[in-house]
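Student: Could we go through this structure together, one question at a time, so that I can follow how each answer is reached?

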Amino acid sequence: IKKIMADIILVKNDKEEGYLVKFVVVGDSKVGKTNIVHLFVHHENIQGYSPTIGRDIYPDINYKVGDDIFVLKIIDTSSNEKFLKEIKSECENTNFVLAVFDVTNKDSFLSLNNWINHCRSSGNENINFIIVGNKNDLINKRKVTEDEAKSFAKNNGMKYYDISAFNEEEVKKIFDEAFDSFHQEFLESNDPNAYRKTRIRSDYN
């Protein structure tokens, strides 16, 4: 996929609209979902652990490519079972699901199928799943090999990223390549009206 030259823009006019590119982030507790999203959006790491309650909707990131504006909306979700209905609802109209596991926790890897199946139960047949193995900096504690994770992703027709949520370049690559694939599909469709638009918010900073 050709790298898209997209500029992050600040929008002052809330009446403008852009094409929605939605991400939902799922996975077991303490795998680093919030750390990943926070680093991408705010360019800083979170100190300490604070569980997500329900879901967190981060400030939109607006990309401009040519004359088109694309709005990246990222939903960070809780692993608590009582919020599964909310996750399913968010997946009904998402473009991407990041299924995150902790490479030092084999159980979180084995849970991926449950998360994927739950998202698919939303009825959205167009979800692009991305598998993310976090905490690759903890080399001596690793329980899931990169080859094992890559094999799982390949067998399910998904992309795999082996990362540390403290490495901004690795985290940014996930979202950049996902956006590139979305934009390529957008161009090849020749039908912009088939893509959802959303009001552009100017609260990103």
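This is a predicted model: local features need pLDDT of at least 70, side-chain atom pairs count only at pLDDT 80 or more; totals for chains, interfaces and linings use all residues.

Student: How many bridges join strand β7 to strand β8?

Tutor: Strand β7 covers residues 128–134 and strand β8 covers residues 159–162, and the two run parallel. The number of bridges that join them is four.

Student: How many disulfides does a search of the whole structure find?

Tutor: A disulfide is a covalent bond between the sulfur atoms of two cysteines. For Cys 91, the nearest cysteine sulfur is that of Cys 119, at 3.4 Å, whereas a disulfide requires the sulfur atoms to be within 2.5 Å. For the whole structure, the number of disulfides found is zero.

Student: Is Cys 91 buried or exposed?

Tutor: The cut-off to apply is that a residue counts as buried when its relative accessible area is under 20%. The relative accessibility of Cys 91 is 0%, so Cys 91 counts as buried. Cys 119 also has a relative accessible area of 0%, and therefore Cys 119 is buried.

Student: Is the pair of Tyr 63 and Phe 179 stacked or edge-to-face?

Tutor: A pair of aromatic rings is described by the distance of the centres and the angle of the planes. The structure holds 14 aromatic pairs. In the pair of Tyr 63 and Phe 179, the centres are 4.9 Å apart and the planes stand at 90 degrees, so the pair is edge-to-face.

Student: How many residues apart in sequence are the parts that this pair ties together?

Tutor: Tyr 63 lies in strand β4, residues 61–65, while Phe 179 lies in helix α6, residues 168–189. Both Tyr 63 and Phe 179 are buried. The parts that the pair ties together are apart in sequence by 116 residues.

Student: Over the ring of which residue does the charged end of Lys 197 sit?

Tutor: Ring pairs link Tyr 19, Tyr 63, Phe 70, Phe 179, Phe 182, Phe 186 and Tyr 195 into a cluster. The charged end of Lys 197 is 4.9 Å from the centre of the ring over which it sits, and that ring belongs to Tyr 19.

Technical notes: Residues are numbered from 1 along each chain as its sequence is written. Side-chain values use heavy atoms; hydrogens and water are left out. Two strands pair if DSSP finds at least two bridges between them. Buried means under 20% relative accessible area, exposed over 50%, partly exposed in between (1.4 Å probe, protein chains only). Rings of Phe, Tyr and Trp (its six-membered ring) pair if their centres lie within 6.5 Å; planes under 30 degrees apart count as stacked, over 60 as edge-to-face and the rest as tilted. A charge sits over a ring if NZ of Lys or CZ of Arg is within 6 Å of the ring centre and within 35 degrees of the ring normal.
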